[in-house]
Amino acid sequence: MKNIPRVLLVEDEPAIAELVAVNLRHNGFQPIWAEDGDAAQRELDAVLPDVILLDWMLPGQSGLALARKWRSSARTKAIPILMLTARGDEPDKVAGLDAGADDYITKPFSTQELLARIRAVLRRRAPEQDAEAVAIGELALDAATHRVSWRGHPLKVGPTEFKLLNYLMKHPERVHSRSQLLDKVWGDHVFIEERTVDVHVKRLREALGTAGAMVETVRGAGYRLTAQPQAVARAG
């Protein structure tokens with residue numbers, strides 16, 4: 001028998017929840033509705049869904065707080081999360097992605113777009129990650145302990161920036177286009193804008209401090225991580 005993907009819909013507005021649930025059922029999904037974080041947690045404790053549709057504004061815990069919570073749990077961290085929100089500004093999108101969301105859709109949205117995005121997060125391949133330690137010059141990263149250090153001093157790096165740095169350090173001196181980074185770091189996901197990469201590169205450089213110069217912009221091509229930033233000419 002064909003497996004029907006389970007979609008946990010966390011939405012406090014019954015009219016929106018019913019509309020989404022009806023369309024999910026008509027398109028081969030099994031929706032489970034939870035109106036707040038507590039109800040959603042009970043559903044997760046019972047049976048894990050294949051994907052979570054998570055409203056940003058919820059009574060009690062916000063969608064951002066729930067996304068962070070579920071991403072930090074070994075049991076739920078691999079479940080794709082699609083954030084539903086009326087907040088469409090870039091800082092809000094970045095906040096949602098940083099909290100662990102795999103995608104972001106702004107209300108009001110079309111049913112077909114929502115279904116396409118759900119199918120995309122379900123079929124995308126997992127991004128490249130491993131638990132090895134790597135060092136480039138005096139910059140060190142340990143994926144197993146989630147630590148980054150520069151010249152022996154620990155650095156505070158956000159979760160998305162950590163994944164980005166991990167990939168760049170595993171493939172140093174190579175130029176990576178924005179689309180390649182989206183594929184390898186975020187996963188094969190056509191709906192996340194390439195501009196998102198620029199935002200996270202900027203935040204990564206800020207987190208690295210003086211080591212941020214190691215992450216170079218190659219104009220018209222993308223980004224690379226180099227051990228000797230001063231010795232490498234920038235492409236024009």
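What share of the 236 residues in the protein is buried? Buried residues make up 45% of the 236, where buried means under 20% relative accessible area, exposed over 50% and partly exposed in between (1.4 Å probe, protein chains only).

This is a predicted model, in which local features need pLDDT of at least 70, side-chain atom pairs count only at pLDDT 80 or more, and totals for chains, interfaces and linings use all residues. Residues are numbered from 1 along each chain as its sequence is written, and side-chain values use heavy atoms, with hydrogens and water left out.

**Overall make-up**

The protein has eight helices and eleven strands; helices (H or I, at least four residues) and strands (E, at least two) are DSSP runs, numbered from the N terminus. Its accessible surface is about 11,900 Å², and carbon and sulfur atoms hold 51% of that; the areas come from the Shrake-Rupley method with a 1.4 Å probe, and for residues only the protein chains shown count as cover. Of the contacts (heavy atoms within 4.5 Å) between residues at least 6 apart in sequence, 57% join residues at least 24 apart.

**The five-stranded sheet**

Five strands form an open sheet in the order β2-β1-β3-β4-β5, with parallel pairing. Its edge strands are β2 (30–34) and β5 (103–106), each of which pairs on one side only. From one strand to the next the twist averages 20°. Two strands count as paired if DSSP finds at least two bridges between them. The table lists pairings in this sheet.

| Strand pair | Sense | Bridges |
|---|---|---|
| β1 and β2 | parallel | five bridges |
| β1 and β3 | parallel | four bridges |
| β4 and β5 | parallel | four bridges |

Strand β1 (6–10) is mostly covered, with five of its five residues buried. R6, L8 and V10 point one way from β1, while V7 and L9 point the other way. In a regular strand the side chains alternate between the two faces of the sheet. L9 has bridge partners in two strands: W33 in β2 and L53 in β3.

Strand β4 (residues 81–85) contains T85. T85 is buried, as its relative accessible area is 1%. The bridge partner of T85 in β5 is T106. Apart from neighbours within four places in sequence, T85 is in contact with W56, Y104, I105, T106 and K107.

**Helices against the sheet**

Helix α2 lies across β1, β2 and β3 (51–55) and runs at about 160° to β1. Axes are lines fitted to C-alpha atoms, for helices over the stretch in contact, and angles run from 0 to 180 degrees between N-to-C directions.

D38 sits in α2 (residues 37–46). D38 is exposed, since its relative accessible area is 53%. The C-alpha atom of D38 is 8.5 Å from that of Q61, 23 residues apart along the chain.

**Helices α7 and α8**

Two packed helices are described by the angle between their axes and the distance between the axes. The axes of α7 (residues 178–186) and α8 (residues 195–208) come within 9 Å and cross at roughly 75°. The two helices α7 and α8 are therefore roughly perpendicular to each other, a label for angles of 65 to 115 degrees. R178, L181, L182 and W186 in α7 meet T196, V197, D198 and H200 in α8.

Key. Angles under 35 degrees count as roughly parallel, over 145 as roughly antiparallel, 65 to 115 as roughly perpendicular and the rest as oblique.
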